[in-house]
Structure formats: C-alpha cells, structure tokens
Amino acid sequence: MDIKPSPVQTDGRRTIGSYWEASLPQPRQDRQLHGNAFFDVAVIGAGFAGLSAALRLAELGISVCVLEAKHVGYGASGRNGGFCCLGGTKLDARQLVKKFGLEEARKFLAFQVAGINLVAQRLDSWGVDASRHSKGEIYLAHRAKDVTGLKSEAEFLRANFGIRTRLLSREQLTEEGYGGPSFHGGLHVPYGFALNPMAYVQALAERVRRAGGKIFGKTPVSAIDRDSDRWRLETKNGFVRAKNVVLASNGYSDETVPPWLHGRTMPVMSSIQVTRSLSEAELAGQGWTSDTMAADTRILLHYFRLLPDKRFLFGTRGGIFENAPSLSAMQKCARADFESMFPAWSNAETDFSWHGHVCIARTLTPFVGEVPGLDGVYAAMGWHGSGVAMASISGEKIAGLITGKLRQTDLPAPLQRPFTRFPLPALRKLYLQGAYWLYGLKDR
Ligand SMILES: Cc1cc2nc3c(=O)[nH]c(=O)nc-3n(C[C@H](O)[C@H](O)[C@H](O)COP(=O)(O)OP(=O)(O)OC[C@H]3O[C@@H](n4cnc5c(N)ncnc54)[C@H](O)[C@@H]3O)c2cc1C
C-alpha cells in the first residue's frame, strides 16, 4: 500500500496527521451522545486505558459507555511510537526497590510484562496483525561513559529480577545493524514488540462495541457531579447517570473533570517524525538495518525504529507550549537530532510529523484506583510516556476493582498511590522549562 501524507482534516476522522492514520482505512465514527442515558459505568476517554476497562466490564455483562471528546485513538493511544514495552514510571529499577522494597518492585515488573503479554494475546486472538515486529528493545549509550551505567543496570536486573539482558559492544552494534556515530554500546532487554498503535486501539474499540459497550464520539464531558446515589456526567447535548466513573483521560485531562485532578498531572509533549521509505543502499550506508525498537540513554530520550515499509520513525520528548511557533521549533530540533544521529539519511525527507501529550505525575508513578473522597470514581492514568502495555492492563484492573474481583491492595504498590498536587500548579510549565534545561545539560 502506498501511504501518503494526507492534509489534516478537522472532521473528527483525520485530525492527527500521523503515519498511523494514513496507513489505515477510515475508522468507524461513533455518534455523539444526544439526550440522557443510564449506565452502570461511564468511562471518560477512548484510549487504551478507557477501552480496556470498558471491554472487560462489557464482557462481564455490565452496562458501560465510553465518552470521548473527539474520536477513538485521538489521544496518545493513536499517536504514540508503538513501542509495546516495559515502563510506566519515571523511577528506575533501583529507585523502585528503594521506595517500595524488592518484593513490590518485582510485582510491578511482572505487571508490566503481563501488560505486554496481554496486548500480544489480544492481537493474536482477535486476528489483528498491527504490523508487529521487533523482539525486545535496545537501549543505546549516547556517550562512552554511559556504557558503564548500562553494565551496572544489566547486573542489577539480573541479580534482583532474574532478567537476562544482553550487552553489546560498539563493534557488535555495528555488526548487528545498529550503526550510528553516537552509539557507544547497547543493552538489549528481551521484552516487548512494536505495533501500529492506531490499528490496536481501533481493534480494541471494535471489541468493546461487539461486547455491548457503547462508545460516544465528539462527546466531551464538561462536569461530574454527585446526583443522589449516582454520578452525573454533563455533556453538550445530554448527560449520563452512572454508578461508577472511570477517569481515563491521561495527558488530555480537563483539570476540572473532576476538580480533584486540578494540579495533579503534568501533560508533557512528545513528538514523532517518520521519513520516506529508505532504500537498501541507504540503510546499508548508515549501517542501521535492525528492526528492533531502540532508545538512547538521554533523560530527554530519543526513541526510534525501522518500520516494516523501511520508513524510519524517530521520536523525541520535549516541547512545552502547543502553539504553532513552539511546535515548529520542536519539530526542527527533532529533525536536527535525527540528522546528527543518522547522518547518512540527512536527505531522507520527513513525510509525517505529529505530536501528543503524555502524562507525568508528581509521584512519578501511575495511579490505578478509586479517587480519594469520590466514592465510585476510579482513575487509571499517569503512564509517564509508556502506556501501550501499562494502560491496557491497568484498564482491565480497574474493571476488577469496580466489580470487587480485585482489591486495591492486590495491585503492585507503585500503582496504589493517588496523585498528589504539584506545588503552585499554575507554574508547572515553568518548572518543566527549568527541568528541560537541566536535563539538556545532563544529557551532553
Ligand atoms: C508522541 C507519543 C509517543 C509515545 N510513544 C509511546 C510508545 O512508543 N510506547 C508506549 O508505551 N507509550 C508511548 N506513548 C504514551 C502512550 O501513548 C500513552 O501512555 C497511552 O496511549 C495513554 O493511553 P490512555 O488511554 O491512558 O490515554 P489517551 O490515549 O491519551 O486517551 C485519553 C482520551 O481522553 C479523551 N478525553 C480527555 N478529556 C476528556 C473529557 N473531558 N471528556 C471526554 N473525553 C476526554 C481524549 O480525547 C483522549 O482521546 C507515547 C505518547 C506520545 C504522545
């Protein structure tokens, strides 16, 4: 299939301008909520988390609706790099062990692996190909001194979690098709695979519909209020009354829905560029032929992979303001980074570029559970930029909490802590600017 960048449309179907959208047929559009409706559970947000919760609930015969401001996959779930991998927190393995103890850190890692397996098993059993590739993920030292850190990480993971990683020298990287002037060594972690995230989120939505769940598109929830024994969710053309509510709005949250969210999350931007297809000669010229998912060791990391049609996907973190000049500066900066890391491809045009929001919490860990003080309202969010697997499995767990099949304390401890408020929340973007500046210095 010849995949062409399409002009960004604003009819609610093609709004992201991503490669994923262009590579798939037009998805089904869910109608807007008109009038009033009653459900056992109302979910806010049609991404991996909200749809996973809805799917499990619908399969259990519970009446559930998903209220989505735009359309399925409009948020990060339709915009991400498609790395179905470990992650979900900004704390590294050592910090997790220090904060929660070895047992809980192990439980948390097992949870992440279960998330990856869940996504794979869903795609298999639903017969969705989603252009999967890559066995595990490789972390590349962007400075010679970072090789020591990778070695120590490998040893820590082996000794405490029994994970058999593989260290690669600079020469081995070249031999195995990870060529680049700024890669000094690598650590391969044997978990995860890559996919087309929009294909996955659309398949997930289709399963929700088939199981009897209702998805309403173009239906932003503007308020949640207590209404006797139920919650009332206001939308433009009607309301929903529901016993339980699931907040699955992540980096796209409106901080007044509900007001508890105010100041407790930090939406942070991540951006992606996808080049035209590279020829065999161009791939050989750069020495990058592997289809393994890769990221570098920067704090403001770059993540990249060769797609099945030989386009190169290159992602970065950063960017604070979502206006046209800032976005254009962010994309220029990303392109410059790409050209310095893959100089042989500096004339490979970028065919697609887009960005999206990830969600950071002050706790640096996700929160999956009942919101304190809001009886029957649950949250599943804060994946810290790694939510393909984590949001999917956490959504399922929310369904378990709602039905009482699971207790909050059954979850790994890092998921149990409700978000705390950032101090002086109005200044969050300023802190972020300061943090980026500091990270930029540390990454040199
Ligand atoms: C550019 C980019 C690259 C990324 N790369 C990766 C990656 O490679 N691997 C990985 O694991 N993770 C990655 N992530 C993170 C991952 O995509 C997210 O963590 C995950 O998709 C979050 O899923 P979610 O369901 O929690 O939220 P989202 O998918 O963000 O969905 C939230 C939805 O809520 C809706 N919403 C918000 N407020 C309301 C309201 N009031 N009423 C109704 N609807 C509302 C939004 O419209 C949105 O559709 C990336 C993210 C970005 C932006």
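Biologist: How many residues does the hairpin that joins S13 to S14 run through?

Modeller: Bear in mind that this is a predicted model. S13 and S14 run antiparallel and are joined by 2 bridges. The hairpin from S13 to S14 passes through 5 residues.

Biologist: In which sense do strand S4 and S13 pair?

Modeller: Strand S4 covers residues 137-140. Glu 137 has Met 293 as its bridge partner in S13. There are 4 bridges between S4 and S13, and the sense is parallel.

Biologist: Which residue in S13 is the bridge partner of Leu 140?

Modeller: S4 and S13 pair over 4 bridges. One of the partners in S13 is Met 293, which goes with Glu 137. For Leu 140, the partner is Asp 296.

Biologist: What is the order of the strands in the open sheet?

Modeller: The sheet is open, has 8 strands and shows mixed pairing. S4 and S13 are parallel, while S13 and S14 are antiparallel. The order is S5-S6-S4-S13-S14-S15-S12-S16.

Biologist: Which strands stand at the edges of the sheet?

Modeller: An edge strand here has a single partner strand, so one side of it is left without a neighbour in the sheet. From one strand to the next, the twist averages 20°. The edge strands are S5 (166-169) and S16.

Biologist: How many bridges join S12 to S16?

Modeller: S12 and S16 run antiparallel. Thr 275 stands opposite Thr 350 in S16. The bridges joining S12 to S16 number 11.

Biologist: How many residues of S16 are buried?

Modeller: S16 stands at an edge of the sheet, with one side left without a neighbour there. Even so, S16 is mostly covered. Of its 12 residues, the buried ones number 9.

Biologist: Which element supplies the largest share of the shell around the ligand?

Modeller: Helix H2 (48-59), strand S12 (265-275) and strand S16 (350-361) each supply at least two residues of that shell. The largest share is 3 residues. That share comes from S16.

Biologist: Which of the 35 residues around the ligand come nearest?

Modeller: By class, the shell has 17 nonpolar, 16 polar and 2 charged residues. The nearest of the 35 residues are Glu 68, Ser 77, Phe 83, Val 221 and Trp 383.

Biologist: What share of the ligand's accessible area does the protein cover?

Modeller: A polar backbone atom of Ala 49 is 3.0 Å from an oxygen atom of the ligand. A backbone N or O atom of Ala 76 also lies 3.0 Å from a ligand oxygen. For Gly 387, a backbone N or O atom lies 3.0 Å from an oxygen atom of the ligand. On its own the ligand has 1000 Å² of accessible area, and the protein covers 98%.

Biologist: With which side chain does the side chain of Arg 311 make a polar contact?

Modeller: Arg 311 is found in the loop between strand S14 (302-306) and strand S15 (312-317). Arg 311 counts as buried because its relative accessibility is 6%, under the 20% limit. Its side chain makes a polar contact at 2.9 Å with the side chain of Asp 351.

Biologist: Is Ser 228 buried or exposed?

Modeller: Ser 228 is found in the loop between strand S9 (223-227) and strand S10 (230-235). Its phi is positive, about 50°, although Ser 228 is not a glycine. Its relative accessible area is 55%, and the cut-off is over 50%. So Ser 228 is exposed.

Biologist: Is Asn 250 buried or exposed?

Modeller: Asn 250 lies in the loop between S11 and S12. Its phi is positive, about 40°, although Asn 250 is not a glycine. At 13% relative accessibility, Asn 250 counts as buried.

Biologist: What is omega for the peptide bond from Val 257 to Pro 258?

Modeller: Pro 258 has its place in the loop between strand S11 (238-247) and S12. The bond from Val 257 to Pro 258 is cis. Its omega is near -5°.

Note on methods:
Residues are numbered from 1 along each chain as its sequence is written. This is a predicted model: local features need pLDDT of at least 70, side-chain atom pairs count only at pLDDT 80 or more; totals for chains, interfaces and linings use all residues. Side-chain values use heavy atoms; hydrogens and water are left out. Buried means under 20% relative accessible area, exposed over 50%, partly exposed in between (1.4 Å probe, protein chains only). A polar contact is a pair of N or O atoms within 3.5 Å; within protein, one must be able to donate a hydrogen and the other to accept it, and residues adjacent in sequence count only if both atoms are side-chain atoms. A residue is near a molecule or strand if one of its heavy atoms lies within 4 Å of it. Accessible areas come from the Shrake-Rupley method with a 1.4 Å probe; for residues, only the protein chains shown count as cover. Ala, Val, Leu, Ile, Met, Phe, Trp, Tyr, Cys and Pro count as nonpolar, Asp, Glu, Lys and Arg as charged, and the others, Gly among them, as polar. Two strands pair if DSSP finds at least two bridges between them. Axes are lines fitted to C-alpha atoms, for helices over the stretch in contact, and angles run from 0 to 180 degrees between N-to-C directions.
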